[in-house]
Amino acid sequence: MKHFSAIILVFLAALTASAQRVRIDITPSGEYMFAQRDTCQLFMSVYDPAPESDTRFEGKAKPTILFIFGGGFISGDRNSRGYLPWFRKYNDNGYKVITIDYRLGLKGAGNVGAGNVGTIYNAIQIGVEDLFSATSYIIENAEALDVDPSNIVVSGSSAGAMIAMQAEWHICNRSGHAGMLPEGFNYAGIMPFSGAILSREGKIKYAKEPAPTLFFPGTDDKIVNYRSIKFFKNRFQGASPLAEIFARNGYNYSIYRFEGNQHEIASAFLKTFPEQLRFLETNVIKGEKRIVDATVNDPSIKVWGINSTKDLYRNN
């Protein structure tokens, strides 16, 4: 349970270092406030496809990528320099990217552990609420933003990946804050980097088929756990058991299991870009059930060696 808090200041530092090695000349075409909370205003940034890039694939429109940053629910920035090369890669390939704020529910909470499951769950839930508020804003302003609400793929890193996966679970079960969205609404796809779902109600079940999902976990990740942690009715389900649920029910998914890797997979955006495009083109745009369950051994992805909340705090 101590791994639930997933604070990744090291991850943010790695993103910044990576960005410094890549030329960044990308700026958002617009920034919009989508929610007013008691403590803050929440904004989204829109990055449009590059001029003359192809925004269609085999005659069908490419989806908008709605991205949720990582940072352990205590820090992070929707426009972090570390993300910009990845945004540009999508823009150059004809995809619009929208990246959003959300409230940081563990900010100031310290090293949250087993006795604070309620606090962790609340941090995830308010993140989901803010994602749904951003989605509602996009739906209501679809024409002005030039977004098809039925063609949105949600992606997230670490804490953002948990928000994306938790949100899809709520949509499929019409639970939590899902009532904020129109009846029958769903995302066109989910693309989490090192994500999981926290249930306080026992086993993870989907009342209806979830959107096509592309999982990117590290098999040795203990920060956002790759496997399951269970106690009483609380279930922290990582990518591996969730993929088993998808396989058992015939859902549309792909999973790339990075053997021996830890939480660094949360930032492997550019390394996995070909797999992302293949998923978007085949599973999302063409609507094919191309099921992939692959084990990847990539020595070029450096293992951080920081693989617990305790380690992360010690190094920051």
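Biologist: Which residue in S12 is the bridge partner of Ser199?

Modeller: First, this is a predicted model, where local features need pLDDT of at least 70, side-chain atom pairs count only at pLDDT 80 or more, and totals for chains, interfaces and linings use all residues. Residues are numbered from 1 along each chain as its sequence is written, and side-chain values use heavy atoms, leaving out hydrogens and water. Strands here are DSSP runs of E, at least two residues, numbered from the N terminus, and two of them pair if DSSP finds at least two bridges between them. S9 and S12 (residues 234-237) are joined antiparallel by three bridges, and the partner of Ser199 is Arg235.

Biologist: What is the strand order in the open sheet?

Modeller: The edges are S9 (197-199) and S11 (228-231), each pairing on one side only. The pairing is antiparallel, and the order reads S9-S12-S11.

Biologist: Which helix packs on the sheet, touching S9, S11 and S12?

Modeller: Helices are DSSP runs of H or I, at least four residues, and contact means heavy atoms within 4.5 Å. Helix H5 (residues 159-173) lies across S9 and S12. The one touching S9, S11 and S12 is H3 (residues 117-140).

Biologist: Is Cys172 buried or exposed?

Modeller: Buried means under 20% relative accessible area, exposed over 50%, and partly exposed in between (1.4 Å probe, protein chains only). Cys40 has 26%, so it counts as partly exposed. Cys172 has 4%, so it counts as buried.

Biologist: How many disulfides does the count come to?

Modeller: A disulfide needs a pair of cysteine sulfur atoms within 2.5 Å. By that rule, the count is zero.

Notes
Axes fitted to C-alpha atoms, helices over the stretch in contact; angles between N-to-C directions.
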